[in-house]
Each structure stands twice: as structure tokens, then as C-alpha cells.
Amino acid sequence: MKILAISGSLRRQSTNTALLRALQAIAPTDIELEVYTGIGDLPVFSPDLEGADEPGSVTDFKAAIAQSDGVLVCSPEYVRGIPGGLKNAIDWLVSGDQIVGRPIALVHASHRGEDMLQALRAVLSTVSAAFNAGLFLRVPVLGLEPQQVADVLRSQAHRAEADAFLAGFAGYCRSSL
């Protein structure tokens, strides 16, 4: 089972990326969880750049999506909305078929951010018929350093929930194949 985990943050010390890396570290051996951090390398979406003129970074991103069995998205909220880099990455997928039936679920690294989550749920349910709003993992680690994020996820309070989430998402991906 190959899961692509996309961080919606471009920050080097992002809690969102740290949470995805912490999930990667605890993933069972039958789940290969790859953390994708290249959304900052994608140019601003333009239909004029699709097809033969598609930039290599876009081709690589689409291939990573296509080669996955499912996609996890973990993103901060910027000004009550989806960060521009993440929305741009999703826009690059709209004309292709890489994401259309791909299972998708959300992970969230904050106790707040409901406006962004609502918008992201609307966008993801539009681009993939297999977006599962019922599968959701929230681990409030806002403001923590990456090692602290990993420690929180491995704690008794969150580890069982994270394990159940990963198992549930893997099962959902298998049933969607």
C-alpha cells in the first residue's frame, strides 16, 4: 500500500510536515507513506502550460499522485482559507485523471482551522469522488518543534488514534481499488 502524504505548508519547520513525518515513522510495514513536500516547486497554474508545455515539476507531482493508492493532505489555515501553494497544486490536477478516483483523507495539526477545512473538503470532494470526509485525524500540535510533534503522536493519548486512522485509510484505499 503506497500512500502519498501532502503537506500544505512550505515552512521548513512546519508542524503539518512534521505530523506527516511522524505518521510515516509509525506506519505499519504494509504501508509505505511518502511525504511529498514539493508543492513550492510548482509554477502558478496556467492552462497554457498543460500538455506538451507542462513543467517537469508538475509532471513529477502528477506521477506521484498516480503511483499512490491514496492521498493524505495536512495543511495549515492561512487567513481562514487554503494556503495558495496547496490550492495551486490541486489546480494542476483538475484537467487530468490522476486524482479523480483516488482515495483522499485529511490530517490536521491544529485545534483550529475549521474554515480552511471546510473549504478544503469542498475542493477535494470536487476533484475526487473518493474523498472520504469521515476519515479524519486531528492532532493539535500547533507551535511545536518537529521532535515534539513526533513525541505527541507516539504518546498514549494519540498513538492508538493514529494507528486506527492509518489502518482505516489503508482499508478504504484497498476497498476503492
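**Loops, helices and cores**

Mentor: Arginine 80 is exposed, with a relative accessible area of 61% (exposed means over 50%, buried under 20%, partly exposed in between, with a 1.4 Å probe and protein chains only). This is a predicted model, where local features need pLDDT of at least 70 and side-chain atom pairs count only at pLDDT 80 or more, while totals for chains, interfaces and linings use all residues. Residues are numbered from 1 along each chain as its sequence is written, and side-chain values use heavy atoms, leaving out hydrogens and water.

Trainee: Where is arginine 80?

Mentor: Arginine 80 sits in the loop between E3 and H3. The labels follow DSSP runs numbered from the N terminus, with helices (H or I) of at least four residues and strands (E) of at least two.

Trainee: What is phi of arginine 80 near?

Mentor: Phi of arginine 80 is near 65 degrees, a positive value in a residue other than glycine. Valine 79 also has a positive phi, near 50 degrees. Most residues other than glycine have a negative phi.

Trainee: Is valine 79 buried or exposed?

Mentor: Valine 79 is exposed, at a relative accessible area of 84%. Its place is in the loop between E3 and H3.

Trainee: Moving on to the inside. How many residues are in the largest nonpolar core?

Mentor: The largest nonpolar core has 30 residues, and Leu23, Leu33, Leu72 and Leu166 have the most contacts inside it. Such a core is a set of buried Ala, Val, Leu, Ile, Met, Phe, Trp, Tyr and Cys residues joined through side-chain atoms within 4.5 Å.

Trainee: Which elements supply at least two residues of this core?

Mentor: Among the strands are E1 (2-7), E2 (32-36), E3 (70-74), E4 (104-108) and E5 (131-138). The helices are H1 (15-26), H5 (146-154) and H6 (156-176). A second, separate core has 27 residues, including Ala64, Val71, Val73 and Phe131.

Trainee: Back to leucine 23. What is leucine 23 in contact with?

Mentor: Leaving aside neighbours within four places in sequence, leucine 23 is in contact with Leu33, Val107, Leu137, Leu153, Ala162 and Leu166. Contact here means heavy atoms within 4.5 Å.

Trainee: And at what angle do H1 and H5 pack?

Mentor: H1 and H5 pack at about 50 degrees, and their axes are 9 Å apart. The axes are lines fitted to C-alpha atoms, for helices over the stretch in contact, and angles run from 0 to 180 degrees between N-to-C directions. H1 and H5 are therefore oblique to each other (under 35 degrees counts as roughly parallel, over 145 as roughly antiparallel, 65 to 115 as roughly perpendicular and the rest as oblique).

Trainee: Which residues make the contact?

Mentor: From H1, they are Thr15, Ala18, Leu19, Ala22, Leu23 and Ile26. From H5, they are Pro146, Val149, Ala150, Leu153 and Arg154.

Trainee: Is threonine 15 buried or exposed?

Mentor: Threonine 15 is buried, with a relative accessible area of 6%. Beyond its neighbours within four places in sequence, threonine 15 is in contact with Ala109, Val141, Leu142, Gly143, Leu144 and Val149.

Trainee: What about alanine 25, buried or exposed?

Mentor: Alanine 25 is in helix H1 and counts as exposed at 59% relative accessibility. The C-alpha atoms of alanine 25 and arginine 154 are separated by 9.6 Å, though the two residues are 129 apart along the chain.

Trainee: Now H2. Which residues of H2 are buried?

Mentor: In helix H2 (residues 56-66), the buried residues are Val58, Phe61, Lys62, Ala64 and Ile65. Seen down the axis of H2, they fall within an arc of 155 degrees, so they line one face of the helix. The arc is that of the directions from the helix axis to the C-beta atoms.

Trainee: What do those buried residues pack against?

Mentor: The buried residues of H2 pack against E1, E2, E3 and H3. H2 and H3 pack at about 80 degrees, with axes 10 Å apart, and are therefore roughly perpendicular to each other. The contact is made by Val58, Phe61, Lys62 and Ile65 of H2 with Ala89, Trp92 and Leu93 of H3.

Trainee: Last one: where does glutamine 98 lie?

Mentor: Glutamine 98 lies in the loop between helix H3 (84-93) and E4. Glutamine 98 is buried, at a relative accessible area of 15%. Apart from neighbours within four places in sequence, glutamine 98 is in contact with Lys62, Ile65, Ala66 and Leu93.
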